[in-house]
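I opened this entry to look up a pocket, a strand pairing and some charged contacts. My notes follow in the order I checked them.

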Amino acid sequence: MADSEKGPGVCEFDPDALQLKLRTTLAGRTEEIQPVVRQIMGFLKEIGCAEGDAYEIELSVSEALANAVLHGCQGDPEKRIAVCVECDPDRGMLIVVQDPGQGFDPSSVPSPVEGERIRA
């Protein structure tokens, strides 16, 4: 795991809108997920940006990274995943996970909140 401004892509969002930043990369290996999650959660805790939502954020980041390793990198440790975190405790946070996978068109996936896909 190495900090980097470069990765499979550049995380693009307004750098003036959110102030505090963490950028890191990891190889497409499951063993690298939890150290990065701990790094992100430590950063968010230190700046007071995850208060009251730490569990949900940690779960979401873990799932996003697992997805990136499994689907984006297809388990190839030579492929890299970029993670960018920007946060302002008063305005909110943005966490971007980029992997080298092909991606998909979200409009081609059925809505998870309609019809039979809703869980009671």
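How many nonpolar, polar and charged residues does the lining of the largest pocket have? I counted by class and got 4 nonpolar, 8 polar and 1 charged. I note here that the model is predicted.

**Entry 1: the pocket**

I looked up the volume of the largest pocket and found about 300 Å³. Its lining is made up of 13 residues. I then asked which of them lie nearest the centre, and I got Asn67, His71, Gly72, Asp99 and Phe104. Next I checked which elements supply the lining. Helix H2 (54–72) and E3 each supply at least two residues. H2 gives the most, with 5 residues.

**Entry 2: the strands**

E3 came up in the pocket lining, and I followed this strand to its partner. E3 covers residues 92–98 and pairs with strand E2, residues 80–88. The sense is antiparallel, and I logged 7 bridges. A hairpin of 3 residues joins E2 to E3.

**Entry 3: Glu86 and its partner**

What does the side chain of Glu86 meet in a salt bridge? I found Arg23, at 3.2 Å, N to O. This pair links distant parts of the chain, since Glu86 sits in strand E2 and Arg23 in strand E1 (residues 20–27), 63 residues apart. Are the two residues buried or exposed? I have both Glu86 and Arg23 down as buried.

**Entry 4: the other salt bridges**

I searched the whole structure and found 3 salt bridges. Arg29 and Glu31 meet through their side chains at 3.6 Å, N to O. Glu32 and Arg29 also form a salt bridge, at 3.8 Å, N to O. I therefore recorded Arg29, Glu31 and Glu32 as one network, as a salt bridge needs nitrogen and oxygen within 4 Å. Side chains of opposite charge can pair when their charged atoms come close.

**Entry 5: exposure in the network**

Why does Glu31 count as exposed? Its relative accessibility is 52%, and the cut-off for exposed is over 50%. Glu32 counts as buried because its value is 13%, and buried means under 20%. Arg29 has a relative accessible area of 36%, so I put Arg29 down as partly exposed.

Technical notes
Residues are numbered from 1 along each chain as its sequence is written. This is a predicted model: local features need pLDDT of at least 70, side-chain atom pairs count only at pLDDT 80 or more; totals for chains, interfaces and linings use all residues. Side-chain values use heavy atoms; hydrogens and water are left out. Two strands pair if DSSP finds at least two bridges between them. Helices (H or I, at least four residues) and strands (E, at least two) are DSSP runs, numbered from the N terminus. On a 1 Å grid over the protein atoms alone, a cavity is a set of points where a 1.4 Å probe fits but cannot get out, and a pocket is an open set with protein on both sides within 12 Å along at least five of seven lines; lining residues have an atom within 4 Å of a point. Grid points are joined across faces, edges and corners, and a volume is the space filled by probe spheres set on the points. Ala, Val, Leu, Ile, Met, Phe, Trp, Tyr, Cys and Pro count as nonpolar, Asp, Glu, Lys and Arg as charged, and the others, Gly among them, as polar. Buried means under 20% relative accessible area, exposed over 50%, partly exposed in between (1.4 Å probe, protein chains only).
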